[in-house]
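Subject: Structure for your review

Dear colleague,

Please find below the structure that I am handing over to you.

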Amino acid sequence: MKSPPTRAAVPRSSAPFATSDFYAVRKDTSAFVNQLLVWLLVTICLGGSAGLVTVWMRHQISATAKANRDLAAQLARYDRLFGEARTQVETEQASDKLRHLNTTLGLGLVPMNQIPVVHVTDNVVERLARRANAGVLADGPAPVAGLRVTLPGL
Amino acid sequence: MSKGFASSARMAFLGGLLLLCYAALGARLVWLHVVDREALLKPLAKVRPMLIPEAARRGDILDARGARLATSRSEILLGVDPHSLLPRDERKWVELAALIELPEAELRDRFQPRFRRAGARGEEGDDAGEAPVPFAVPAARGGEDEQWPITWVKLREDVSESVYERVRRLDIRGVYGIRHYRRVYPSNELAAHVIGYVNREHQAAAGIEAYADFYLRGQQGWRVGERDGRNRELPQFASREVPRRDGYSVVLSIDSTVQDIVEQELVQLAARFEPRKASIVVSDLDGFVLALANYPSFNLNEFNRVPKAEEARMKNAAVADIYDPGSVFKIVPAAGALEERLVTPQTVLDCTVSRLAHRGRMLSLPAEDHKMGNLRIGEILSHSSNRGAAQLGMMLGEERLERYARAFGFGAKLGFPVGGEVAGILHPHQRWYPIDITRIPMGHSVSSTVLQMHQAMAVIAAGGVLLRPQVIREIRDAANETVYRYGRTEIGRAVSPRTAAQIAAMLVGVTRKGGTALEASIEGFDVAGKTGTSQKFVDGQWSKKHHIASFSGFFPAAQPKVVITVIVDDADHKAPGGVAYGRTVAAPSFKRIGERLIPILDIRAGAAAVPALLVARQGGGAR
């Protein structure tokens, strides 16, 4: 029994329908267009993604650079404010201002001088304790105000 | 992939269209980046790049205890571009005027838009013009009749950071500030002649400011970047950057407390005697100056307000003016004669003789203020005998006397870094008149600065060594690390330690009973010193009504800690008896300064050391 010839075994010229070849060619062309479109879409996606990543990276670089610059500016600003405050403190501590305050506030601070200064050469704690005990144990009232430290230059 | 999708002609068309779009985009990009590149970059290259300078902070000048004598404060030069003002901000102008303490009418006047002709730049004065770099906006150029908008008018130049913050919060368009550093001297007049000042053009003009400017000024930084359409910096496009280097700090040997004591003393002297000038120098035994002050002085923060006629007060008279040293100079022939073994401390000289032969010529000796007799060398100093000093000078001879005078620092600059030091006058002995050998030993026919007199006395205190007077202790970088430390510098040896000790012992007699300056004695301490009173040369002759009173000394005599020199110029009209003697005018000042320095510098006459701050006042109950 003779089996009918397969489509592949049949010469193309002897194909029963011309449309068979047409479908084959069309299928090949469709494959190419399909591939082209797929690759195009992939390229678009990849290119777009790369572009977006680039833009995002550049934005991040800008943002980081700006943040760094802002931080540096902030540091410089604090530095300046600190300097201003320090200068103000130094100005307020000038000798003539302190003297003026001493007079205005009636503090009564006096310049250190050799004459009223006694160098305490023995143990200060013992000395103070001795004086305090002397006051406690004595019949009379304890002496008020023991040690006064004077400021240099006043 | 489905057949329907692949077979659609529309899809193929769409794909083709997309490709075409891509191709068009690519072509456009190539056009922009290759063909039109130069034409498009040219205007951008002009507008976008910006050079941003970064001002370095000038270093501080510190005293020996770390207190700031000069520092830099950031301030804002506030200005306005009247052409950028918006009507909606007008309601904020009142608040702005109050903030910068400018009358509202004046503020409104400055806010008026103005123009100038192209050829008339600078006619509007300092307060108006183009904005300082980097905010300059170039005006459209045209012919000579072109009107230039005035884009910057100064509102105030010393706005503090805190006030500027509030000004910025007002958000007035067109009002902006330019930051700069301004030199501030927190202690005002303190050590004005030593510190010097920086002028309004930011040029160091005098004093340590000028001398140490190399260390103090730092190095300005800059960066090249780009800006956007709103003139904001685009930090990501910064191409080159040179960081600023803040100036180094200079630590002085000046002690603010000592300096303040000295300046208070000068104020007292001025109130009491109304002298023409006065100077006080205090130094330690290594040649470092602890205090140097002159009267009159000036406020460093207001140096530009000193009237022209009074500019002499800005001169450092202690190093730039010369005086006859007077009897202070007597230590030179005495030390020279002892050093050369021509005399011993026990040698007695007849100080009653009025004429003596020298090199075959009879010379008349100078007169004495009071009657003298036979005096030992120590008594010649303690009684300040002119004839005794003349005889010592004659024993030495011209050549050796000149050599010793120079060895003690007279006749040459000592190398003090500030104040325009002068050398004084000490002629070579070949040019001396015959009579000079009798006058120079008593401090006449020779002129010196206050500092030279001070250093001559310091030679005795330092064991016979002439030290270079110094005022800078250290140079510190911005991180407060010491980069250079100055040390004791010897110029040369004048006399041996033995001779110096002998002279010191003799000078103690000056402040004891029978000496010329009991007023300089300090209880509990041996004070060595020498008074000086010299006539001034007025109207072509030596005046008997104008004197220079001086006292130079040190204590404790055996182990000196501090050398003090007081010079008062022309205090006769208020001095007791109408003559300003060193004894009556300068010596008491020495005593007052010395007494106040004892607790501050912890000077002691042999007691065990205790911490300087642990002092108790008798009046406070510490009995």
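Predicted model: local features only at pLDDT ≥ 70, side-chain atom pairs only at ≥ 80, totals over all residues.

Residues are numbered from 1 along each chain as its sequence is written, chains are lettered from A and ligands numbered from 1 in the order in which they are written, and side-chain values use heavy atoms, with hydrogens and water left out.

Chain A contains three helices and one strand, arranged along the sequence as α-α-β-α. Helices (H or I, at least four residues) and strands (E, at least two) are DSSP runs, numbered from the N terminus. Of the 154 residues in chain A, 16% are buried; buried means under 20% relative accessible area, exposed over 50%, and partly exposed in between (1.4 Å probe, protein chains only). The accessible surface of this chain is about 11,500 Å², and 67% of that belongs to carbon and sulfur atoms. Areas were computed by the Shrake-Rupley method with a 1.4 Å probe; for residues, only the protein chains shown count as cover.

A nonpolar surface patch is formed by Val38(A), Trp39(A), Val42(A) and Leu46(A), with about 400 Å² of accessible area together. Like charges are joined within 9 Å, and nonpolar side chains (Val, Leu, Ile, Met, Phe, Trp, Tyr) within 5 Å. Leu46(A) lies in helix α1 (residues 18-92) of chain A and is exposed, at 58% relative accessibility.

With a disulfide taken as a pair of cysteine sulfur atoms within 2.5 Å, the count over all chains is zero. Cys45(A) has its closest cysteine sulfur in Cys21(B), 16 Å away and therefore too far for a bond. Cys45(A) is partly exposed, at 49% relative accessible area, whereas Cys351(B) is buried, at 1%.

In chain B, five strands form an open antiparallel sheet in the order β14-β13-β25-β24-β23. Its edge strands, each pairing on one side only, are β14 (289-295) and β23 (528-538). Two strands pair if DSSP finds at least two bridges between them. Strand β13 (residues 277-283) is joined to β14(B) by six bridges, and the two run antiparallel. Val282(B) stands opposite Ala291(B) in β14(B).

Yours sincerely

Notes:
Patch = residues over 30% accessible without salt bridge, like charges linked within 9 Å, V, L, I, M, F, W, Y side chains within 5 Å. Salt bridge = Lys/Arg side-chain N within 4 Å of Asp/Glu carboxyl O.
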